[in-house]
Amino acid sequence: MKTKIVYCIVSNDEDIYLEQAWVSIYTLRRHNPEAKVILLVDKGTEATLTGKRGGIRELVTEVVAVDTPDGYNAMQRSRYLKTNFRQFIAGDLLFIDADTVVGGSLAGIDNIEAEIACVPDGHRRFRELSGFDFICHRLCSIYGEMTFDDEFYFNSGVIYVKDTPRMRAFFADWYETWQYSSFEKGSSLDQPALFMTNKKNGHIIRVLPGEFNCQIADSLKYFYGGLIIHFFNVSLPMLSSELSVFYDESFYRKIKEYGGVGHEVKETLDNKSRWFNVQTNIVDSSHFDFLSSYVGYNIYNSYRANTMLYKINERFCAYKYIIKNYTKQLKHLFCRK
């Protein structure tokens, strides 16, 4: 595989960002042992890659540490690396977010002809996204009123990009657009800035096959044969440790404590059947849209907390069901007569 793999990490001894990357890189290495893997970090993170944390160096080809602007917090330093990685590393690149696992060979990425390619967010067209109105409102609040005739809102969790002058200019624009969003409008998210950069540059991002960024919370379509499984692309209350080990912080804490992939973690990572728990269920788009709405979110939290409001609603629904069932039985009885 000629394309280099890039991970951008800002981490310290307390968080689990490095351990998430460790999981992703370990699974990548199982299927792509010859891949050139670059770990791009800030100087502060590099200083922590000693002792147990230093074991990550054995999995990557190179650790590249760069200076970040003074005054940036951890989130901003992370976004700085992500919106600038094209500028720091030569060659054609495949950026992969740390909150992923790799399930197969990525060699096919060498066949991508586009200068830059991403998978559409939610594996859907922009207007088909359940959060379309919310995303439009966010974009307008940051960048001003605009029309939304764009076909896709791309997910920035996996980005293929060639080494060309146009791409270096594109990333410079992305960073500048993100800077405005972060420091002028208080939004450090990189995806809206990517959307705006693509819009301003004539929609040059092409569609990357869904297998390269299987957003498991949005669709199971690409899970079978999925090459890169993206777990944390959305934050919803139902995405908990009851669903998968990858939503369980203690799973990553085991890596931190051991200083690498120990026997128990290795058994899980090497066996895909252990990635999901037995009580995992499938819901269709309409149920998912409801659960991810403000109403569904609050009802779900009320159910989880077993609040008084939920108890009252539960009792009301129970009585309503009993009355409906009783009425149905009476109607059936009279019809028989």
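**Reading salt bridges and cores**

Guide: At 31% relative accessibility, Arg253 counts as partly exposed, a class that falls between buried (under 20% relative accessible area) and exposed (over 50%), computed with a 1.4 Å probe on protein chains only. The model is predicted, so local features need pLDDT of at least 70 and side-chain atom pairs count only at pLDDT 80 or more, while totals for chains, interfaces and linings use all residues. Residues are numbered from 1 along each chain as its sequence is written, and side-chain values use heavy atoms, with hydrogens and water left out.

Visitor: With which residue does Glu249 form a salt bridge?

Guide: A salt bridge is a side-chain nitrogen of Lys or Arg within 4 Å of a carboxyl oxygen of Asp or Glu. Here Glu249 pairs with Arg253, and their closest N and O atoms are 2.8 Å apart. Both belong to helix H7, where a spacing of four residues separates them by about one helical turn. Helices (H or I, at least four residues) and strands (E, at least two) are DSSP runs, numbered from the N terminus. Glu249, at 44% relative accessibility, is partly exposed.

Visitor: How many salt bridges does the structure hold?

Guide: There are 20. One of them joins the side chains of Lys82 and Asp190, at 3.4 Å from N to O. Lys82 lies in helix H3 (residues 74-88) and Asp190 in the loop between helix H5 (165-185) and helix H6 (191-200), so this pair ties together parts 108 residues apart in sequence. Lys82 is buried at 6% relative accessibility, and Asp190 is buried at 6%.

Visitor: How many residues has the largest nonpolar core?

Guide: A nonpolar core is a set of buried Ala, Val, Leu, Ile, Met, Phe, Trp, Tyr and Cys residues joined through side-chain atoms within 4.5 Å. The largest has 53 residues, and Leu106 and Phe246 have the most contacts inside it. Helix H1 (residues 17-31) gives the most to this core, with seven residues. Apart from it lies another core, of 30 residues, including Phe95 and Trp178.

Visitor: Is Ser244 buried or exposed?

Guide: Ser244 is buried, with a relative accessible area of 0%. Its side chain reaches the backbone nitrogen of Phe246 at 3.1 Å, and a polar atom of that side chain lies 2.6 Å from the backbone oxygen of Trp275.

Note on methods. A polar contact is a pair of N or O atoms within 3.5 Å; within protein, one must be able to donate a hydrogen and the other to accept it, and residues adjacent in sequence count only if both atoms are side-chain atoms.
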